[in-house]
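This report looks at nonpolar packing and aromatic pairs in one model.

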Amino acid sequence: NAILLGEWIYGAGKGYKNVFLFTLGTGVGGSAVCEGKMLFGANGFAGEFGHTVINFNGPECVCGNYGCLERYAGSRYIVQLAKRKLRIKKSSLKKYKELTPKIIADEAKKGDFVAQQVFEEIGHYIGIGVGNVINLFDPEIVIISGGIAQAGRILFEPIRRAAREYILGPECRTVKIIPAE
């Protein structure tokens, strides 16, 4: 909520009345402004979008549910995905003793195929989540923040493609999906 408040007043969301923010880091969080008001929900839990299910047959999440968005896009799972892909593919990622999402992003930008596949896949999953938010809230803008969002284009391109694929009436929507300022 604090990140969204800052972006709404001073950053990427300034001037908009309907804003949704995703935070991508250890987990996946979210917050919303609807019709010019912060959305908190009845118990203060509105925006916990990391724990919405995007694949009910998916892996178990730390929350106890299965197939949560966070289980596909949280930092530890990004590293796990890269390690799984490294078992069968040649990659510059193999030279690192410890992997981080930043290292994977940097290698993807340098052209490493496995690292690019990782960001293509997680971007697709995040895009499903973004598409769900767009279908539910019809925001003018979706802001993506957090350490993982620093990956830039290699993450945002698959997010935008997937979101467009999953939203109702994409030709009628003017929603922007942009990084936090």
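The sections below cover the basis of the model, its cores and its ring pairs.

## Basis

The model is predicted, so local features need pLDDT of at least 70 and side-chain atom pairs count only at pLDDT 80 or more, while totals for chains, interfaces and linings use all residues. Residues are numbered from 1 along each chain as its sequence is written, and side-chain values use heavy atoms, without hydrogens and water.

## Nonpolar cores

A nonpolar core is a set of buried Ala, Val, Leu, Ile, Met, Phe, Trp, Tyr and Cys residues joined through side-chain atoms within 4.5 Å; buried means under 20% relative accessible area with a 1.4 Å probe, protein chains only. The largest such core has 44 residues, and Phe22, Phe119 and Leu155 are among those with the most contacts inside it. Elements giving two or more residues to this core include strand 1 (19–24), helix 5 (113–137) and helix 6 (153–166); helices (H or I, at least four residues) and strands (E, at least two) are DSSP runs, numbered from the N terminus. Helix 5 supplies the largest share, eleven residues.

Beyond its neighbours within four places in sequence, Leu155 has contacts (heavy atoms within 4.5 Å) that include Leu24, Phe119 and Ile122. Another core, of ten residues, lies apart and includes Leu4 and Met38.

## Aromatic pairs

There are five aromatic pairs, counted where ring centres of Phe, Tyr and Trp (its six-membered ring) lie within 6.5 Å; planes under 30 degrees apart are stacked, over 60 edge-to-face, and the rest tilted. Phe20 and Phe22 form a tilted pair, 5.2 Å centre to centre with 55 degrees between the planes. Phe22 and Phe49 pair edge-to-face at 5.7 Å and 90 degrees. This second pair links distant parts of the chain, 27 residues apart: Phe22 is in strand 1, and Phe49 is in the loop between strand 3 (37–39) and helix 2.

Phe22 and Phe49 are both buried, and ring pairs join Phe20, Phe22, Phe49 and Phe137 into a cluster.

Methods:
Buried < 20%, exposed > 50% of the residue type's maximum accessible area, 1.4 Å probe, protein only.
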